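Here is a short walk through one protein model, written for someone opening it for the first time. Keep the 3D view beside the text and look up each residue as it comes along.

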Amino acid sequence: ENTLNVVYENYYGHYLPPMILVGISNSTHRTRDLTPTQIKMRRGSAMDEETGGADNLTQFIEKELIPYIDSKYASSPYRTLIGHSYAGLFAVNIMLNHTPLFKNYIAIDPSIEWDNQYILNQAKEKFKTESFEGVSLYMSLAAEQLHMLDEKVTLSNVMEDTSEFTLFPRSILEFSQVAESNKKNGLHFSMDVYPEDLHGTVPLPSIRDGLVFLFEWFQFKHPQLYNNPETTVAEIEALLNKQEEIYTSHLGYKTPPMVEELFNGYGYMNLQMGQPEKAYLFFKMNIDYYPNSANGYDSMAEYYESQNNFSEALKYVTKAYELNNSDYYKERVEKLKEKN
């Protein structure tokens with residue numbers, strides 16, 4: 001969860017849309033809650049933990065957690081599920097058997113070998129007959145240590161090994177082959193192998209690369225045109241309209257073409273570059289799309305101040321103060337009253 005938050009904070013806006021991050025704790029009964037079938041033996045020894053409770057956890061997510069989040073926050077049906085190890089197995093299980101719950105899946109070093117490759121065998125059949133149109137899956141494999149006892153086993157020869165020790169990576173690689181060879185089902189799939197990573201270190205790069213892959217369509221288009229002083233106001237408006245179309249078509253609901261921070265940043269950049277018309281466009285659109293943001297109105301006030309229009313500036317700072325009764329806005333109002 002902390003890793004996800006770090007990646008999100010670094011990539012938000014330019015690469016990733018606004019998100020609600022939800023962590024599901026299952027440290028107490030992790031094996032029970034995340035595995036799809038009951039088994040008695042694993043890797044040659046008795047399995048002394050409860051297993052096979054994935055359907056119960058899925059029911060909890062579908063019937064309790066998602067409705068709770070939807071009732072408390074401005075959420076959307078465009079959901080992403082991320083899991084590592086057993087939780088990666090769980091994510092693939094939901095994708096195969098409960099597809100409508102999520103749009104996107106990240107399976108990090110997933111335990112695909114579980115129960116004689118139960119999920120892999122399911123995938124082989126379902127990928128041939130069922131549609132996964134509109135669903136995306138990103139999978140990763142940590143390949144620094146493919147065989148616990150034999151360092152001669154590498155990516156180039158691991159599929160030739162028949163021991164229990166390499167069943168884990170072989171299952172992931174075979175799942176990838178199956179997914180890649182069944183493109184007709186519509187699944188948007190990608191897999192990365194991390195040769196320098198272990199099972200415990202691979203979540204960080206996987207979450208970063210996985211989210212960038214899943215939200216490739218969100219990535220901010222044509223920043224050079226926005227930065228170029230020769231681009232006209234009309235051209236920028238057209239770019240923003242196109243960006244909004246892309247976002248809205250993917251998410252299924254009307255979505256601003258920029259996050260608030262980008263609108264603001266481009267507004268100030270254009271003010272500094274001596275392009276007040278463009279600055280006004282960005283500040284105005286920021287207010288249109290984010291009408292409850294005090295910061296947006298304060299930015300527009302700064303635009304009017306730069307144009308020596310202190311009466312309009314006062315109107316916008318007053319609105320900002322109505323939305324946020326901070327001392328900062330109070331002082332701004334008082335100072336602008338003195339200039340009017």
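Is Tyr-268 buried, partly exposed or exposed? Tyr-268 is partly exposed, because its relative accessible area comes to 23%. In these terms, buried means under 20% relative accessible area, exposed means over 50%, and partly exposed is in between (1.4 Å probe, protein chains only).

A word on what you're looking at: this is a predicted model, in which local features need pLDDT of at least 70, side-chain atom pairs count only at pLDDT 80 or more, and totals for chains, interfaces and linings use all residues. Residues are numbered from 1 along each chain as its sequence is written, and side-chain values use heavy atoms, with hydrogens and water left out.

**Aromatic rings**

Searching the whole structure turns up 27 aromatic pairs. Rings of Phe, Tyr and Trp (its six-membered ring) pair if their centres lie within 6.5 Å; planes under 30 degrees apart count as stacked, over 60 as edge-to-face, and the rest as tilted. Take Tyr-268 and Phe-283: their ring centres are 5.2 Å apart and their planes sit at 70 degrees, so this pair is edge-to-face. Tyr-268 belongs to helix H10 (residues 260-272) and Phe-283 to helix H11 (residues 276-289), so the pair ties together parts that are 15 residues apart in sequence. Helices here (H or I, at least four residues) and strands (E, at least two) are DSSP runs, numbered from the N terminus. Phe-283 is buried, with a relative accessible area of 0%.

Now compare Tyr-304 and Tyr-316, whose ring centres are 5.6 Å apart with planes at 20 degrees, so they're stacked. Tyr-304 is in helix H12 (residues 294-306) and Tyr-316 in helix H13 (residues 310-323), so this pair ties together parts that are 12 residues apart in sequence. Tyr-304 counts as buried at 14% relative accessibility. Elsewhere, ring pairs join Tyr-78, Phe-215, Trp-217, Phe-218 and Tyr-247 into a cluster.

**Salt bridges**

Side chains of opposite charge can pair when their charged atoms come close. A salt bridge is a side-chain nitrogen of Lys or Arg within 4 Å of a carboxyl oxygen of Asp or Glu, and the structure holds 10 salt bridges. Here are some of them:

| Pair | Closest N to O |
|---|---|
| Lys-124 and Glu-174 | 2.9 Å |
| Arg-208 and Asp-209 | 2.6 Å |

Lys-124 sits in helix H5 and Glu-174 in helix H6 (residues 167-181), so their bridge ties together parts that are 50 residues apart in sequence. Lys-124 is partly exposed at 25% relative accessibility, and Glu-174 is partly exposed at 22%. In the second pair, Glu-130 is partly exposed at 33%, whereas Lys-126 is buried at 17%. In the third, Arg-208 is partly exposed at 35%, while Asp-209 is buried at 19%. Beyond these, Asp-298, Glu-305 and Arg-332 are linked in a network of salt bridges.

**Surface patches**

Which residues make up the patch of negative charge on the surface? Asp-327, Glu-331, Glu-334 and Glu-338 gather there. Lys and Arg count as positive and Asp and Glu as negative; His and the chain ends are not counted. Glu-338 is part of helix H14 (residues 327-339) and is exposed, with a relative accessible area of 68%.

There's also a nonpolar surface patch of about 410 Å², made by Ile-20, Val-22, Ile-24, Phe-60 and Tyr-73. Patches are made of residues with over 30% relative accessible area and no salt bridge: like charges are joined within 9 Å, and nonpolar side chains (Val, Leu, Ile, Met, Phe, Trp, Tyr) within 5 Å. Ile-24 lies in the loop between helix H1 (2-11) and helix H2 (30-34), and counts as partly exposed at 33% relative accessibility.

Most residues other than glycine have a negative phi. Ser-85, though not a glycine, has a positive phi of about 65 degrees. You'll find Ser-85 in the loop between strand E3 (80-84) and helix H4 (86-97), where Ser-85 counts as buried at 15% relative accessibility. Asn-116 also has a positive phi, near 55 degrees. Asn-116 lies in helix H5 (residues 114-129) and counts as exposed at 65% relative accessibility.

Key. Areas by Shrake-Rupley, 256 points an atom, 1.4 Å probe, with all protein chains shown as cover. Charge placed at Lys NZ, Arg CZ, Asp CG, Glu CD.
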